[in-house]
Amino acid sequence: VEKLYTAKDGLADDVILTLAQGRDGSVWVGTRNGFSRIRNGSIDSYGYRDGLSQNTVFGLYEDREGSLWVATKNGLNQFLDGAAARYDRSEGLPNENMGPVFQDRRGTLWAGSLDGVLSRFNGTSFTALPNFPHVRISVLADDSAGDLWAGTYQGAIHLQDGQVKEIFTTAQGLHSVRSKHLRVS
């Protein structure tokens with residue numbers, strides 16, 4: 001059964017910027033006016049009034065512990081059991097213009113900024129990787145070996161143990177990577 005969901009149905013906005021799948025089968029929808037959860041045909045929407053730091057949502061990720069990470073132009077928001085926590089420069093983010101969030105197989109949470117900085121979360125604060133190229137990060141994923149990959153508007157970056165291992169660019173024939181479904185085998 002196909003269904004088109006719009007703001008008329010309760011979606012936060014009709015302009016969708018990111019999608020993520022929840023552990024319970026729900027779909028998280030990031031928009032320019034907050035985010036929504038679609039579960040069993042029902043829609044719940046959240047925005048600034050619900051604790052979101054800013055309404056434009058560029059990244060969504062539900063981690064293994066059940067926290068929903070929401071990336072906006074004003075930092076990262078962590079929602080757990082209805083409570084919201086905000087992470088910004090005071091917790092080590094190099095800037096607050098955040099994009100994709102991803103938890104790798106080892107359990108490390110990574111946050112990419114739209115300004116080209118990749119940061120690692122240690123449970124309380126973020127640390128930027130010092131040798132990461134400053135290119136806009138559009139997607140994060142890991143491969144079967146557990147290595148992290150960052151898709152950028154200039155290509156793909158392969159990281160191993162938090163260090164840049166390889167860079168594949170448009171100069172080598174690779175197109176920009178913008179898909180939420182980056183698969184690396």
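**Terms and the values behind them**

Author: The structure holds nine salt bridges. This is a predicted model, in which local features need pLDDT of at least 70, side-chain atom pairs count only at pLDDT 80 or more, and totals for chains, interfaces and linings use all residues. Residues are numbered from 1 along each chain as its sequence is written, and side-chain values use heavy atoms, with hydrogens and water left out.

Reader: What makes the pair of aspartate 44 and arginine 37 a salt bridge?

Author: A salt bridge requires a side-chain nitrogen of Lys or Arg within 4 Å of a carboxyl oxygen of Asp or Glu. For aspartate 44 and arginine 37 the N to O distance is 3.3 Å, so the pair meets the definition. Side chains of opposite charge can pair when their charged atoms come close.

Reader: Why is arginine 37 called buried, and why is aspartate 44 called partly exposed?

Author: Buried means under 20% relative accessible area, exposed means over 50%, and partly exposed lies in between, with a 1.4 Å probe and protein chains only. Arginine 37 has 16% relative accessibility and therefore counts as buried. Aspartate 44 has 30%, so it counts as partly exposed.

Reader: How do the side chains of aspartate 50 and arginine 49 meet, and what is the exposure of arginine 49?

Author: They meet in a salt bridge at 4.0 Å, N to O. Arginine 49 counts as exposed because its relative accessibility is 69%, whereas aspartate 50, at 32%, is partly exposed.

Reader: What is the distance between the closest N and O atoms of arginine 86 and glutamate 96, and where in the chain do these residues lie?

Author: The closest N and O atoms of arginine 86 and glutamate 96 are 3.6 Å apart, and the two form a salt bridge. The pair links distant parts of the chain: arginine 86 is in strand β8 (residues 83-87), and glutamate 96 is in the loop between β8 and β9, 10 residues apart. Strands (E, at least two residues) and helices (H or I, at least four) are DSSP runs, numbered from the N terminus. Arginine 86 is partly exposed because its relative accessible area is 39%, and glutamate 96 is partly exposed because its value is 21%. Arg86, Asp88 and Glu96 are linked in a network of salt bridges.

Reader: Why is threonine 56 called buried, and which residues is it in contact with?

Author: Threonine 56 counts as buried because its relative accessibility is 17%. The residue is placed in the loop between β4 (42-46) and β5 (57-62). Contact means heavy atoms within 4.5 Å. Leaving aside neighbours within four places in sequence, threonine 56 is in contact with Leu17, Thr31, Arg32, Ala71, Thr72 and Lys73.

Reader: Which residues touch the most other members of the largest nonpolar core?

Author: A nonpolar core is a set of buried Ala, Val, Leu, Ile, Met, Phe, Trp, Tyr and Cys residues joined through side-chain atoms within 4.5 Å. Of the 24 residues in the largest nonpolar core, Trp69, Leu76, Leu118, Phe126 and Phe132 touch the most other members. A second, separate core of nine residues includes Ala20, Phe35, Val70 and Phe79.

Reader: How many residues of the lining of the largest cavity are nonpolar?

Author: The lining divides into five nonpolar, three polar and no charged residues. Here Ala, Val, Leu, Ile, Met, Phe, Trp, Tyr, Cys and Pro count as nonpolar, Asp, Glu, Lys and Arg as charged, and the others, Gly among them, as polar. The lining residues are Leu129, Pro130, Asn131, Phe132, Leu159, Gly162, Gln163 and Val164. A cavity is a set of points on a 1 Å grid over the protein atoms alone where a 1.4 Å probe fits but cannot get out, and lining residues have an atom within 4 Å of a point.

Note on methods: On a 1 Å grid over the protein atoms alone, a cavity is a set of points where a 1.4 Å probe fits but cannot get out, and a pocket is an open set with protein on both sides within 12 Å along at least five of seven lines; lining residues have an atom within 4 Å of a point.
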